[in-house]
Amino acid sequence: MNHQRRQVLKGAGAAGAVGVAMAAGLLRPTAVYAAPWNQAGFEARSLADVLKSINGAGAAESGQITVKAPDIAENGAVVPVEVISAIPGTESIAIVGEKNNLPLIAQFDLMNGAEGFVSTRIKLGSTSNVRAVVKAGGKMYTAAKEVKVTIGGCGG
Amino acid sequence: MSSIKIRASMTGDSAEVKCLMNHPMETGLRKDAKTGQLVPAHFIKSVVATVGGNTVLDAQWGGGISRNPYLAFKVKGAKKGDKVVVSWEDNQGAKETSEATIG
């Protein structure tokens, strides 16, 4: 049974490689509509791999990004998060729960007048930084806010 | 099945669009309390929004978005009466689309 589990994991790794190729633009379809799902990023378990998948590894800390979230979340299953980027030309906003089993939560590509603003509700498994990674004018920026979680929302 | 609830209204020169979707958003990592088995992953993977026919938001999601997802965004240059269309697709291939008018 364990052996089978290994094989499943290996299979996921191979699929991940395709995702990386996609992220690198090798397999990207020409249409802007519905970007290919970042499989490598969404299946990555480590923060480093997630940041790599969204090109956020060398992102500069920016005071122009505001991550609004509660200081303390009683229920980690529903944590309201709002990201506001005042950086001109904000093209995309990614939200990362740094200590989640699967840290990459969402990536929003914004265009045609969409402002540097998204608001949603996320799950946090434990007390963690909620990190926003913003792409603006082809450059990467980041900011984070710590949320203390009393009851985790990512498992059983 | 479920439909997406959309509310879109002008604040100054931009429109704020708020959406509520019905979805279990299972990560695939959660164990069923009774059976001890993993609950299979079932979550919205992609959300696309258009305003006045132009794509304004193209989102990719994982299971880390809370169940029955909430999403809000703002669009500059939108006008009262513009049509807003929001659609999602999940990892099992289900799709849902709704539209509203900016009020």
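Which residues are linked with Glu61(A) in a network of salt bridges? I found that Glu98(A) and Arg131(A) join Glu61(A) in that network, where I take a salt bridge to be a side-chain nitrogen of Lys or Arg within 4 Å of a carboxyl oxygen of Asp or Glu.

**Entry 1: ground rules.** I note that this is a predicted model, in which local features need pLDDT of at least 70 and side-chain atom pairs count only at pLDDT 80 or more, while totals for chains, interfaces and linings use all residues. Residues are numbered from 1 along each chain as its sequence is written, chains are lettered from A and ligands numbered from 1 in the order in which they are written, and side-chain values use heavy atoms, with hydrogens and water left out.

**Entry 2: chain B.** I looked up the secondary structure and found 7 strands and 0 helices in chain B, taking both as DSSP runs numbered from the N terminus (helices H or I, at least four residues; strands E, at least two). Of the 103 residues in chain B, 52% are buried, where buried means under 20% relative accessible area, exposed over 50% and partly exposed in between (1.4 Å probe, protein chains only). Among contacts in chain B with a separation of 6 or more, 55% are between residues 24 or more positions apart, a contact being heavy atoms within 4.5 Å.

Entry 3: I traced an open sheet of 6 strands in the order 2(A)-4(A)-7(A)-5(B)-2(B)-1(B), with antiparallel pairing; two strands pair if DSSP finds at least two bridges between them. At the edges, each pairing on one side only, are strand 2 (65-68) of chain A and strand 1 (5-11) of chain B. Within chain A, strand 4 (residues 79-85) and strand 7 (residues 114-122) run antiparallel and are joined by 6 bridges, and I noted Val118(A) in strand 7 as the bridge partner of Val83(A).

**Entry 4: the interface.** I counted 34 residues from chain B and 34 residues from chain A in the contact. The area buried between the two chains is about 2,900 Å², with carbon and sulfur atoms giving 54%; this is the accessible area (1.4 Å probe) that two parts lose on being put together, summed over both. Leu29(B), Asp58(B) and Gln60(B) supply 25% of the area that chain B buries against chain A, more than any other three residues. I found 1 salt bridge between the chains, in which the side chains of Glu115(A) and Lys76(B) meet at 3.9 Å, N to O.

**Entry 5: salt bridges within chains.** Over all chains the count is 10 salt bridges. One of them pairs Lys68(A) with Glu82(A), their closest N and O atoms being 3.8 Å apart; Lys68(A) lies in strand 2 of chain A and Glu82(A) in strand 4 of chain A, so the pair ties together parts that are 14 residues apart in sequence. Both ends are partly exposed, Lys68(A) at 45% relative accessible area and Glu82(A) at 22%.

How far apart are the closest N and O atoms of Asp71(A) and Lys145(A)? I read 2.6 Å for this salt bridge, which links Asp71(A), in the loop between strand 2 and strand 3 (72-75) of chain A, to Lys145(A) in strand 9 (residues 139-151) of chain A, 74 residues apart. Asp71(A) is exposed at 55% relative accessible area, whereas Lys145(A) counts as buried at 19%.
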